[in-house]
Amino acid sequence: MSAQIRATPAEFDVARYRADFPILAERIHGKPLVYLDNGASSQRPTAVLDAERRYAEHMHANVHRGVHTLSQRATDAFEGARERVRVFLNARSSREIIFTRGTTEAINLVAQSYARPKLAPGDEILITWLEHHANIVPWQMVAAATGAKLVVAPINRRGELELEAFARLLGERTRLVATAHVSNALGTVLPVKEIVALAHARNIPVLLDGAQAVPHTAVDVRALDCDFYAFSAHKMYGPTGIGVLYGRESLLEAMPPWQGGGDMILSVSFTGTTYNELPHKFEAGTPHMGGAVGLAAAIDYIDGIGLERIAAYEHGLLEYATERLGTIEGLELVGTARDKASLVSFTLKGVHPHDLGTILDQSGIAIRTGHHCAMPVMEYFGVPATARASFAFYNTRAEIDVLVEAVAAAKTLFG
Ligand code: PLP
């Protein structure tokens, strides 16, 4: 067992890490900020902010096309960030790393470029009930355009995927499986290795939506053996507007570009265009260079702490929050999967989640309330919305105490 895995919460110097995040010192309505909305967007440490600033102050120019020094610096920084992502995901080649605006754009890329040309009427795309809208709507759009069907694998009352039912839904017409690695609404960790093995046994490729997984767990695309993996920088302590699509090189090679413009071409004339090679074929137009640099810095930052240590510490927070919230009368946890990432979704009898969110804000506590862009999950549990507290490694048990006291007080107020 490595030293990292042996680390206990007591050895995790959370105060030191908190000091890396300037925004955590903010006061909201006169109270110390308790930021528990990390599932929506996490905060950026100074190391990331500094890297973005350094890029802007010393390296910024347009990439790939210039012969001047700044353009070369920008290109080196951007391509260096791509290599950093490759190592982070353990991909074979940086040709497999496509920069996108985020998870949503990465999934749309696969839907339009991989799936759409392949789908015929009656073909099927298999997803699960746990998906974020970003992993539902792009498939509905290609299904509508091609006559293909969206098939949805069921979940149980804990919010876990029914793996046997999923296996039965893999059929002759299944052309692609697209599933979350971790559910954003419930925190469920899906059995993605088993999912990939089941699909591959039938030669069906698998896309994993890793938006909620990358901040909490080490992802190795070769070990997972997935065909596509999508994530966003802003949920893993990086900037907004940048994300990644990992794709297996043989699949990406065979896919047509999905957007046309500069950078994705080798030559253009009015009689025809030759497309650029991977990964540039999928990156039309000027990319978000500063964002890519920030993402690479975020990866360096979390690698410096160690994702195993982060996972162990956050697991402690999850257990503590689950236990403490469970003591509040009328509070019901939504999503009690045996394998969960560090978030809790809940309802409070007699208090609408939006009212709860507004009241908690008065105490400086930021949680998310609503359907979490996962309306089918809400429908399954028969609730219009939940309150969701999602934890990062910079959160503390003391903050969970503040949350629990504020929720209990809200219950008394309305109760
Ligand atoms: N997939 C999951 C599981 C998510 O949680 C999110 C964002 O909440 C997305 C996709 C969409 O990510 P983005 O808005 O960064 O594209």
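**Figure 1. The open sheet of strands β13, β14, β17 and β16 in the predicted model.** Four strands make up an open sheet with antiparallel pairing, in the order β13-β14-β17-β16. Helices and strands are DSSP runs (helices: H or I, at least four residues; strands: E, at least two), numbered from the N terminus, and two strands pair if DSSP finds at least two bridges between them. The edge strands, each pairing on one side only, are β13 (331-333) and β16 (368-370). Averaged over the sheet and with direction ignored, neighbouring strands are turned by 30° against each other. Three bridges link β13 to strand β14 (residues 343-348) in the antiparallel sense, and Leu333 stands opposite Phe346 in β14. Helix α13 (residues 353-362) lies across β14, β16 and β17 (386-390) and runs at about 160° to β16. Axes are lines fitted to C-alpha atoms, for helices over the stretch in contact, and angles run from 0 to 180 degrees between N-to-C directions. This is a predicted model, in which local features need pLDDT of at least 70 and side-chain atom pairs count only at pLDDT 80 or more, while totals for chains, interfaces and linings use all residues. Residues are numbered from 1 along each chain as its sequence is written, and side-chain values use heavy atoms, with hydrogens and water left out.

Figure 2. Strand β5 (residues 124-128) is mostly covered, with five of its five residues buried; buried means under 20% relative accessible area, exposed over 50%, and partly exposed in between (1.4 Å probe, protein chains only). In a regular strand the side chains alternate between the two faces of the sheet. Both faces of β5 are covered: Glu124, Leu126 and Thr128 are buried on one side, and Ile125 and Ile127 are buried on the other. Five bridges pair β5 with strand β6 (residues 149-153) in the parallel sense, and Ala153 in β6 is the bridge partner of Thr128. From β5 the chain crosses through helix α6 (residues 137-146) to β6, and this β-α-β crossover is right-handed; that is, with the strands pointing away from the viewer, the path from the first strand over the helix to the second runs clockwise. β5 also runs parallel to strand β7 (residues 174-180), to which three bridges join it. Leu126 stands opposite Val177 in β7.

**Figure 3. Val151 in strand β6.** Val151 lies in strand β6 and counts as buried because its relative accessibility is 13%. The C-alpha atoms of Val151 and Ile127 are separated by 6.3 Å, although these residues are 24 residues apart along the chain. Apart from neighbours within four places in sequence, Val151 is in contact with Glu124, Ile125, Leu126, Ile127 and Leu169, where contact means heavy atoms within 4.5 Å.

**Figure 4. The crossing of helices α3 and α11.** Two packed helices are described by the angle between their axes and the distance between the axes. The axes of helix α3 (residues 46-58) and helix α11 (residues 289-305) come within 8 Å and cross at roughly 150°. The crossing of α3 and α11 is right-handed; a crossing is left-handed if the near helix is turned anticlockwise from the far one by less than a right angle, and right-handed if clockwise. From α3, Ala47, Val48, Ala51, Glu52 and Tyr55 meet Met289, Gly290, Val293, Gly294, Ala297, Ala298 and Tyr301 of α11. By class, this contact has nine nonpolar, two polar and one charged residues; Ala, Val, Leu, Ile, Met, Phe, Trp, Tyr, Cys and Pro count as nonpolar, Asp, Glu, Lys and Arg as charged, and the others, Gly among them, as polar.

**Figure 5. The surroundings of Val214.** Val214 lies in the loop between β8 (206-209) and α9 (221-224) and is buried, with a relative accessible area of 0%. Residues up to four places away in sequence not being counted, Val214 touches Phe88, Val219, Tyr229, Phe231, Met236 and Leu307. The C-alpha atoms of Val214 and Met236, 22 residues apart along the chain, are separated by 6.7 Å.

Figure 6. Most residues other than glycine have a negative phi, and most peptide bonds are trans. The peptide bond from Leu278 to Pro279 is cis, with omega near -5°, and Pro279 is found in the loop between β12 (272-275) and α11. His29, which is not a glycine, has a positive phi of about 50°. His29 is placed in the loop between β1 (27-28) and β2 (31-32) and is partly exposed, with a relative accessible area of 45%. Asp263, not a glycine, has a positive phi of about 75°. Asp263 belongs to the loop between α10 (249-254) and β11 (265-269) and is buried, with a relative accessible area of 11%.
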